[in-house]
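I opened the model to look up a sheet, a helix and the relation between the chains. My entries follow.

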Number of protein chains: 2
Amino acid sequence: MMRGTTSHAGQGIDPFVPAGGYLSLLLETFSAESRARLDGMARVRTVPAKTVLVREGERPNEIGFVLSGILALTRFLPSGRAQISGLLAPTDMYGRIFSGRSRHHVESLSEARLICFDRAHFEALVAKDAEVERVLLTHVLDELDIAREWVLLLNGSKVIERVASFLILLMSRHGGGLPDARAPMTLQVPLSREDLASYLGTRPETLSRAFHELADKGIIHITDPYRFDVVNLPALIKVSGRDFAPDGGD
Amino acid sequence: MMRGTTSHAGQGIDPFVPAGGYLSLLLETFSAESRARLDGMARVRTVPAKTVLVREGERPNEIGFVLSGILALTRFLPSGRAQISGLLAPTDMYGRIFSGRSRHHVESLSEARLICFDRAHFEALVAKDAEVERVLLTHVLDELDIAREWVLLLNGSKVIERVASFLILLMSRHGGGLPDARAPMTLQVPLSREDLASYLGTRPETLSRAFHELADKGIIHITDPYRFDVVNLPALIKVSGRDFAPDGGD
DNA sequence: CTCTTCTCTTGATGACCATCAATGCGTGCC
DNA sequence: GGCACGCATTGATGGTCATCAAGAGAAGAG
């Protein structure tokens with residue numbers, strides 16, 4: 001279950017990291033003192049794909065932030081099949097702070113670099129340092145919005161709509177906004193077909209058909225199963241059935 | 001669009017409010033001083049169903065908490081149809097703190113009682129009062145989990161599975177946990193068929209069929225379109241295709 | 001009371017998609 | 001090299017659901 005990324009997906013630019021890099025964004029939000037305190041407790045580690053970081057039902061002793069790579073939140077259904085309920089991209093947080101057990105597995109889909117904190121220490125720091133707390137709060141509010149964005153995306157009845165929306169969200173994350181509509185853009189999808197299917201609430205076969213339908217219509221060009229060029233962005237937006245702003249994206 | 005609650009749905013016990021009442025829960029989380037400060041800025045108001053509180057794209061000047069009733073977060077698609085991307089139950093917050101524009105409409109589905117704060121004042125208080133900030137943070141983390149819960153629910157391929165999951169979540173919210181499996185339980189659904197359909201990513205007709213299929217199987221009893229008795233909880237859980245814990249649920 | 005209106009419900013049909021099954025392609029192992 | 005394995009793809013089929021259409025009940029207006 002939950003096939004990890006093949007060697008394909010691990011290569012190339014990480015599509016979730018914008019030009020400036022999220023790492024600096026994450027760290028520069030804090031003042032020098034806060035950063036120093038954080039640094040003292042931090043532990044940076046690199047994990048390979050398919051590493052389980054937190055298990056459903058357990059109370060994790062670590063709070064972690066993604067620096068690079070993609071993690072997935074998954075749930076196991078009685079049928080034995082795994083469902084992805086969320087993706088964690090660079091700057092996203094995992095682990096439970098000030099509360100109980102985790103409701104999902106947290107698992108790396110690609111090789112990932114993480115910055116981890118001991119939970120108790122991190123909680124103490126948050127309680128003491130109002131600035132860290134504020135940054136955290138803003139952060140979590142953003143994640144909440146993103147999660148609700150996915151709810152909308154999944155409500156799109158047709159699979160091809162969801163695929164189109166996914167690609168557009170991917171693009172807007174890449175550059176911090178949608179690029180010029182007329183400039184073709186190369187996209188790298190860091191997920192296997194099976195993982196992406198689980199995330200979009202469908203099956204790999206249907207996903208494959210949707211991608212190739214977009215290609216047949218001349219909207220995208222498929223370089224390999226993990227790389228696409230978006231040839232016709234307006235058409236892609238139209239297929240998605242949603243009104244993405246020309247610039248703001250999400 | 002977005003048909004509001006009829007007089008049916010407004011009547012009876014609010015199914016989202018547990019025995020103890022959420023209001024006290026919300027307020028008692030704060031210390032006396034914090035509460036006093038909050039009280040000074042607060043404005044409690046009651047709005048009828050179908051009231052739009054925040055418009056998509058606007059920067060709201062109010063932060064509000066739901067005391068009773070149900071609000072919905074909605075998005076309008078290019079097709080003109082409205083999609084519900086989240087429900088707000090008592091204790092839930094709306095409005096944007098420390099950040100930009102709202103990405104959804106916030107609209108009351110039933111008559112609702114709200115406690116509102118001026119955004120700037122509330123932000124100042126949060127910046128000053130670490131305790132308020134902490135409560136808020138914990139709160140938002142919980143909402144994030146709930147949002148991800150919905151992602152899972154919507155991934156359930158069949159509509160009847162989603163309906164079953166919805167009813168179970170409703171039950172576990174009602175009493176703070178699932179009751180004894182053998183005791184029938186009366187549920188009040190505070191949403192019109194159209195609103196619920198939008199929320200579950202389907203249409204009213206399909207929803208109606210799903211409810212009556214559950215009734216035909218003897219799993220629930222339909223008193224009226226807004227009231228049900230859950231007769232066979234284990235069977236309901238089985239239909240949902242998920243493993244709700246016998247007690248804690250989520 | 002009667003008419004209007006709104007919502008829920010029920011029926012019929014076609015589109016979409018999950019599923020089963022088989023083929024093609026690349027990678028790693030022997 | 002040759003083989004096995006994993007993943008993506010493609011084909012065929014049945015089930016589920018969106019949609020169009022129509023009927024039933026209840027609430028409110030006059």
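I count a polar contact as a pair of N or O atoms within 3.5 Å; within protein, one must be able to donate a hydrogen and the other to accept it, and residues adjacent in sequence count only if both atoms are side-chain atoms. Helices (H or I, at least four residues) and strands (E, at least two) are DSSP runs, numbered from the N terminus.

This is a predicted model, where local features need pLDDT of at least 70, side-chain atom pairs count only at pLDDT 80 or more, and totals for chains, interfaces and linings use all residues. Residues are numbered from 1 along each chain as its sequence is written, chains are lettered from A in the order in which they are written, and side-chain values use heavy atoms, without hydrogens and water.

Helix, chain B. I looked at the N-terminal end of α9(B) and found Asn232(B) as its cap, with a side-chain oxygen 3.1 Å from the backbone nitrogen of Ala235(B). Six of the eight residues of α9(B) (233-240) are buried, that is, under 20% relative accessible area (1.4 Å probe, protein chains only); among them are Leu233(B), Leu236(B) and Ile237(B). After α9(B) comes Gly241(B), with a positive phi near 70°.

Sheet, chain A. I traced an open antiparallel sheet of four strands, β1-β8-β3-β6; two strands pair if DSSP finds at least two bridges between them. β3 (62-68) and β8 (112-118) of chain A share six bridges, and Val66(A) has Leu114(A) as its bridge partner.

Chains. I superposed chain B on chain A by a 180° rotation with 0.0 Å of shift along its axis, RMSD 0.1 Å, by least squares on C-alpha atoms of residues with pLDDT of at least 70 in both. That is the relation of a two-fold axis.

How values were computed. Buried < 20%, exposed > 50% of the residue type's maximum accessible area, 1.4 Å probe, protein only.
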